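Here are my notes for your next look at this model. Have it open beside you as you read.

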Amino acid sequence: MGKSQFSHAPAESTRGPGHAQLLVSETFLSRQGEGRLTGTESFFIRTSGCNLRCWFCDTPYASWDPSGDRQSIESLVDAARQSGAEHVVLTGGEPLLPAAATELSHALMEAGFHLTIETAGTIDKPIPCDLLSLSPKLADSTPDPQQHPRWSRLHEQRRMPLDTMRKLIDAAIAFQLKFVVGDAAQFDEVQDVSRGLEVDNDDVYIMPQGVTNAQMDAAERWLRPLAESAGYQYCDRMQIRWFGNRRGT
Ligand SMILES: C[S@@+](CC[C@H](N)C(=O)[O-])C[C@H]1O[C@@H](n2cnc3c(N)ncnc32)[C@H](O)[C@@H]1O
Ligand SMILES: Nc1nc2[nH]cc(C(=O)O)c2c(=O)[nH]1
Ligand code: SF4
Ligand SMILES: [Mg+2]
């Protein structure tokens, strides 16, 4: 028998629509701090668990050491409604990883929210959203092979499937690429990937690697001119400026 579009999702949804559950590390009301919608009030849903292991991950509680509670789609849509926000940001961890990710995205869009999905773009899955916020992981993100041999190998194998990323972009209503850059030497890879994905420079955002204002200030001096001279957008991670690097913001 052929697989339906949603056949990967639903062992957990045998009790009917909305009952499927996902492991969620946190939900919170904040403002979008990154990219094109910076400043927009948004309800954030952070799934727990990731198929990658960036050494610099700023949410290790949703990747390296995934924790959280199982929450149903119904309860997540209710919580988004209660928040009063019109925008929802689905992030992680890797939000495309849970079996129920597609069903959750449909439920949020059917409830009328503007949905942004923050993803590293390595999982081939039909997923609806208003803004696909794709952050491809550069070679420098790979964890140390001596300390983490298994994750270093898996991360390297998984991090850059351009064909999968292109499919996700094509399926989305709109998209942006957000590259995390820590060193000028990584810029060649940014340009190779952007060209490989055949995207316009206007859709490419360059963000500094770092979780403090001091790191962002230092990076901005060399990274902003580099990004702008290549025709890309430079963007700070404004949540760090507004709230500090704190959970739930
Ligand atoms: C924690 S990730 C979750 C979504 C998805 N796994 C991803 O990486 O796109 C959310 C965003 O934070 C960025 N990020 C994570 N750690 C960072 C760091 N140390 N400095 C700058 N950006 C970081 C990611 O690149 C991504 O754009
Ligand atoms: N305020 C705020 N904006 C964000 N944009 C993307 C985030 C993420 O962690 O995916 C994030 C986040 O964690 N907080
Ligand atoms: S892909 Fe995203 S969530 Fe996963 S380890 Fe990297 S930054 Fe963290
Ligand atoms: Mg974040």
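The numbered points below go from the overall fold to single residues.

1. Ground rules. This is a predicted model, where local features need pLDDT of at least 70, side-chain atom pairs count only at pLDDT 80 or more, and totals for chains, interfaces and linings use all residues. Residues are numbered from 1 along each chain as its sequence is written, chains are lettered from A and ligands numbered from 1 in the order in which they are written, and side-chain values use heavy atoms, with hydrogens and water left out.

2. Overall fold. I get seven helices and nine strands for the protein (helices are DSSP runs of H or I with at least four residues, strands are runs of E with at least two, numbered from the N terminus). The radius of gyration is 18 Å, close to the 18 Å that the globule rule gives for 249 residues, so the protein is as compact as a globular protein of that length (the radius is taken over C-alpha atoms, and the rule is 2.2 Å times the number of residues to the power 0.38). Along its principal axes, the C-alpha trace spans about 55 × 40 × 35 Å.

3. Burial and contacts. Of the 249 residues, 53% are buried (buried is under 20% relative accessible area, exposed over 50%, partly exposed in between, with a 1.4 Å probe and protein chains only). Take the contacts between residues at least 6 apart in sequence: 70% of them join residues at least 24 apart (contact means heavy atoms within 4.5 Å). The accessible surface comes to about 11,400 Å², and carbon and sulfur atoms account for 48% of that (Shrake-Rupley method, 1.4 Å probe; for residues, only the protein chains shown count as cover).

4. Helix H2. Seven of the ten residues of H2 are buried, so this helix is largely enclosed by the rest of the structure. Those buried are Ala101, Thr102, Glu103, Leu104, Ser105, Ala107 and Leu108. Their cover includes strand S1 (21-31), S2, helix H1 (73-83), S4 and strand S5 (114-119). After H2 comes Gly112, with a positive phi near 100°.

5. UniProt, in an unreviewed entry, puts a "binding site" at Cys50, Cys54 and Cys57 (positions are in the numbering used here, feature names are shortened, and annotations may be inferred rather than shown by experiment). In the model, Cys50, Cys54 and Cys57 are in the lining of the largest pocket. For the record, a pocket is found on a 1 Å grid over the protein atoms alone, as an open set of points with protein on both sides within 12 Å along at least five of seven lines, and lining residues have an atom within 4 Å of a point. Cys50 sits in the loop between strand S2 (41-47) and strand S3 (69-72), is buried at 17%, and touches residues including Gly93, Glu94 and Trp151. Cys54 is in the loop between S2 and S3 as well, is buried at 9%, and has Trp64, Lys137, Ser141 and His155 as contacts beyond four places in sequence.

6. The longer annotation. The unreviewed UniProt entry also lists Phe56, Cys57, Asp58, Gly93, Ser135, Pro136 and Lys137 under "binding site". From this set, the lining of the largest pocket takes in Phe56, Cys57, Asp58, Gly93, Ser135 and Lys137. Ser135 is in the loop between strand S6 (131-134) and H3, is buried at 9% relative accessibility, and touches Thr119, Ala120, Lys178 and Val180, leaving aside neighbours within four places.

7. Which peptide bond is cis here, with omega near 20°? That would be Gly92 to Gly93. Most peptide bonds are trans. Gly93 is in the loop between strand S4 (87-91) and helix H2 (101-110), is buried at 17%, and has Arg46, Thr47 and Cys50 among its contacts.

8. Ser152, in helix H3 (residues 149-158), is buried at 9%. The Ser152 side chain reaches the backbone oxygen of Pro143 at 3.2 Å, and Ser152 also touches Thr142, Asp144 and Pro145, among others.

Conventions: Polar contact = N/O pair within 3.5 Å; in protein donor to acceptor, adjacent residues only side chain to side chain. 1 Å grid on protein atoms, 1.4 Å probe; cavity = no way out; pocket = protein on both sides within 12 Å on 5 of 7 lines; lining within 4 Å.
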